Amino acid sequence: MYSYIIRRILGMVPTLLLASMVAFAIIQLPPGDFATSYVANLAQQGDTSSMDALENLRETYGLNQPLTTQYTKWMGGILSHGDFGISFEFRERCRP
């Protein structure tokens, strides 16, 4: 019975890892990113500092880093602190 439970727990690790990779890939699929759409909204409202705002947002949210780095930081935050990152909408940390 114990060996069955151990096997199930060990089988859960790759399943959760794969699910997190799929979720991250789905989030990355749409063209552009949050910073681009946010700056487009600012430009529609008449804000002319859109390029500076775009670079600042990408730096703040880490969108200027490679996808592997973004994923590693995201998973590291989840596993070590239960931190799912910064909410784009509310601009605060997402913690359960």
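This short talk walks through one protein chain, from its overall build to two of its residues. Keep in mind that the model is predicted.

Start with the whole chain. How many helices and strands does the protein chain have? There are 4 helices and 0 strands. Read from the N terminus, the order of elements is α-α-α-α. The chain has 96 residues, and 22% of them count as buried.

Now take two of the helices. Helix 1 covers residues 2–28. Helix 4 covers residues 67–81. How do we describe such a pair? Two packed helices are described by the angle between their axes and by the distance between those axes. Here the angle is about 125°, and the axes of helix 1 and helix 4 lie 11 Å apart. An angle over 145 degrees would count as roughly antiparallel, and 65 to 115 as roughly perpendicular. Helix 1 and helix 4 are therefore oblique to each other. Their crossing is right-handed.

Tyrosine 4 sits in helix 1. Its relative accessibility is 43%, so tyrosine 4 counts as partly exposed. For that label, the value must fall between 20% and 50%. Tyr4 also belongs to a nonpolar patch on the surface.

Over to helix 4, where we find methionine 75. Is methionine 75 buried or exposed? Methionine 75 is buried, because its relative accessible area is 15%, and buried means under 20%. Look along the chain to glycine 85, 10 residues from methionine 75. The C-alpha atoms of methionine 75 and glycine 85 are 9.6 Å apart.

Notes: Residues are numbered from 1 along each chain as its sequence is written. This is a predicted model: local features need pLDDT of at least 70, side-chain atom pairs count only at pLDDT 80 or more; totals for chains, interfaces and linings use all residues. Side-chain values use heavy atoms; hydrogens and water are left out. Patches are made of residues with over 30% relative accessible area and no salt bridge: like charges are joined within 9 Å, nonpolar side chains (Val, Leu, Ile, Met, Phe, Trp, Tyr) within 5 Å. Accessible areas come from the Shrake-Rupley method with a 1.4 Å probe; for residues, only the protein chains shown count as cover. A salt bridge is a side-chain nitrogen of Lys or Arg within 4 Å of a carboxyl oxygen of Asp or Glu. Buried means under 20% relative accessible area, exposed over 50%, partly exposed in between (1.4 Å probe, protein chains only). Axes are lines fitted to C-alpha atoms, for helices over the stretch in contact, and angles run from 0 to 180 degrees between N-to-C directions. Angles under 35 degrees count as roughly parallel, over 145 as roughly antiparallel, 65 to 115 as roughly perpendicular and the rest as oblique. A crossing is left-handed if the near helix is turned anticlockwise from the far one by less than a right angle, and right-handed if clockwise.
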